[in-house]
Amino acid sequence: MFERFTRDARAVVEGAFAHAQDGGARSVDAEHLLLALLDREGSRASFALSALGIAEPEARERVRREVGEARRRAGLTRADADALAGLGIDVSEIVARVEEVHGVGAMSGDRGRGGGRAGWPSGGRRPGFGRGAKGVLERALRIALARRDRGIGDEHLLLALTVVPGVAGEVLADHGVTFEGVSRVCPAARLAGG
């Protein structure tokens with residue numbers, strides 16, 4: 001599949017690996033792909049994000065912060081946390097107690113920095129893609145195929161992030177970035193349906 005990626009899409013994947021490494025993550029997740037998209041400039045996805053209100057550094061920082069908060073909740077979306085609250089389980093309290101004993105970010109699934117050779121916790125090997133990232137990559141491929149596009153661009157990754165369930169899609173939707181919105185502002189990403 002990666003041979004079909006454009007230069008911009010490959011840069012997003014490399015950026016996602018860098019974000020995972022910086023956070024000491026065990027795997028590259030959908031959130032890392034989103035963070036890497038936020039770093040991009042001059043690409044179709046960066047144009048779409050800017051057109052939809054995530055142009056200013058402050059807006060991008062809010063998105064990064066919300067992704068970080070969700071990772072601290074072990075990747076639970078707000079909908080998940082609300083459902084647990086309905087059962088009498090206070091996720092914020094659980095996170096606070098775990099972090100009190102094990103340190104900030106203990107529930108993120110990240111191992112911390114510098115655990116292995118070359119900075120990777122796994123002894124120098126790059127981590128694989130987590131379930132969420134795999135779902136995004138597969139959906140991006142399906143979107144590109146449905147459009148009969150020759151390659152998979154970063155705009156396909158952004159579109160996929162908006163429809164694959166999880167933290168990245170929730171955060172994007174909270175900031176007005178939806179499949180329909182991206183399709184509207186980015187002609188190269190326009191689809192009939194989804």
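Me: What makes a residue count as buried here, and what share of the protein is buried?

Reply: Buried means a relative accessible area under 20%, exposed means over 50%, and partly exposed lies in between, with a 1.4 Å probe and protein chains only. By that rule, buried residues make up 45% of the 194 residues in the protein. This is a predicted model, in which local features need pLDDT of at least 70 and side-chain atom pairs count only at pLDDT 80 or more, while totals for chains, interfaces and linings use all residues. Residues are numbered from 1 along each chain as its sequence is written, and side-chain values use heavy atoms, with hydrogens and water left out.

Me: How do you know which elements the protein is built from?

Reply: Helices (H or I, at least four residues) and strands (E, at least two) are DSSP runs, numbered from the N terminus. Counted in this way, the protein has 10 helices and zero strands, and its pattern along the sequence reads α-α-α-α-α-α-α-α-α-α.

Me: What makes α8 a mostly covered helix, and what covers its buried residues?

Reply: Nine of the 10 residues of α8 are buried, among them D154, H156, L157 and T162. The cover over these buried residues includes α1 (7-23), α2, α3, α7, α9 (167-174) and α10 (179-185), where contact means heavy atoms within 4.5 Å.

Me: How is the packing of α7 and α8 described?

Reply: Two packed helices are described by the angle between their axes and the distance between the axes. Axes are lines fitted to C-alpha atoms, for helices over the stretch in contact, and angles run from 0 to 180 degrees between N-to-C directions. For α7 (residues 131-147) and α8 (residues 154-163) the angle is about 115 degrees and the axes lie 8 Å apart.

Me: Which residues of α7 and α8 meet, and how do they divide by type?

Reply: On the α7 side the contact involves V136, L137, R139, A140, I143, A144 and R147, and on the α8 side H156, L157, L159, A160, L161 and V163. These residues divide into 10 nonpolar, one polar and two charged, given that Ala, Val, Leu, Ile, Met, Phe, Trp, Tyr, Cys and Pro count as nonpolar, Asp, Glu, Lys and Arg as charged, and the others, Gly among them, as polar.

Me: Why is the pair R44 and E155 called a salt bridge?

Reply: A salt bridge is a side-chain nitrogen of Lys or Arg within 4 Å of a carboxyl oxygen of Asp or Glu. The N to O distance between R44 and E155 is 3.3 Å, so the pair meets the definition. The partners are 111 residues apart, R44 in helix α3 (residues 44-51) and E155 in helix α8. R44 has a relative accessible area of 46% and is therefore partly exposed, whereas E155, at 4%, counts as buried.

Me: How many salt bridges does the structure hold, and what are the N and O distances in the pairs D39 with R64 and R147 with D149?

Reply: The structure holds four salt bridges. In one of them, the closest N and O atoms of D39 and R64 are 2.9 Å apart, and this pair links helix α2 (residues 30-39) with helix α4 (residues 57-72) across 25 residues. D39 counts as partly exposed at 41% relative accessibility, and R64 is partly exposed at 25%. Between R147 and D149 the closest N and O atoms are 1.7 Å apart; R147 is partly exposed at 21%, while D149 counts as buried at 18%.
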